[in-house]
Amino acid sequence: MSGSGWTSTSMPYLTPRATGSSDAWTAEAEAAGRRGAQRILHAGEVDAPTEVAGMLGLPTGETVVTRRRIIELDGEPTELTDTYYPADIAAGTPLAGTAKIRGGAVTLLATLGHIGARAVENVTARMPGPEEREHLRLGPVEPVLQLARTTYDSAGRPIQADVMVMPAGRQQLRYEIDIEVA
């Protein structure tokens, strides 16, 4: 953490959790002595937006399963997250519903036979749209960070796309990279 903001790392959100564990966000916030929660605003099948279709290697407009959540830290919105899955992976599973998933979506994906092996993240800064500003309780000139992550399985197939929007002044992104020496 930095000041009143939050330092976010990606790794806890990419690996399945042990059976019976809480989701990664709740556990990470608790470990820092804080309270993490999330509200699911929408879940179900939608036509893939152009950006998401590209991330998942699908034609624009192909049906995908999405979950839109507001991530909260100590009762305050800290992130608006849209997660997308190819329909052949997620349709008819709890990923398409609004109930909280014990252990988180990555854990459920693993039980369905879809384990992430590689992730690609792109971070940009921009001004939020009206809906993002409302959900994140932003002032009129507060910028956001957008982190777009694609998770691939060991065969190189995209299995999950996340588009996360965070208040820039309340968030810090931290990356740790293990470098394999040949």
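Author: A salt bridge is a side-chain nitrogen of Lys or Arg within 4 Å of a carboxyl oxygen of Asp or Glu. This is a predicted model, in which local features need pLDDT of at least 70, side-chain atom pairs count only at pLDDT 80 or more, and totals for chains, interfaces and linings use all residues. Residues are numbered from 1 along each chain as its sequence is written, and side-chain values use heavy atoms, with hydrogens and water left out.

Reader: How many salt bridges does this rule give?

Author: The count is eight. One of them joins the side chains of Asp82 and Arg68, at 2.6 Å from N to O.

Reader: Where do Asp82 and Arg68 lie?

Author: Helices (H or I, at least four residues) and strands (E, at least two) are DSSP runs, numbered from the N terminus. Asp82 belongs to strand β4 (residues 76–86) and Arg68 to strand β3 (residues 63–73), so their pairing ties together parts 14 residues apart in sequence.

Reader: Are Asp82 and Arg68 buried or exposed?

Author: Buried means under 20% relative accessible area, exposed over 50%, and partly exposed in between (1.4 Å probe, protein chains only). Both Asp82 and Arg68 are buried, Arg68 having 17% relative accessibility.

Reader: Which other residue forms a salt bridge with Arg68?

Author: Glu131 does, with the closest N and O atoms 2.9 Å apart. This pair links distant parts of the chain, since Arg68 is in strand β3 and Glu131 in helix α5 (residues 130–136), 63 residues apart. Glu131 is partly exposed, at 45% relative accessible area.
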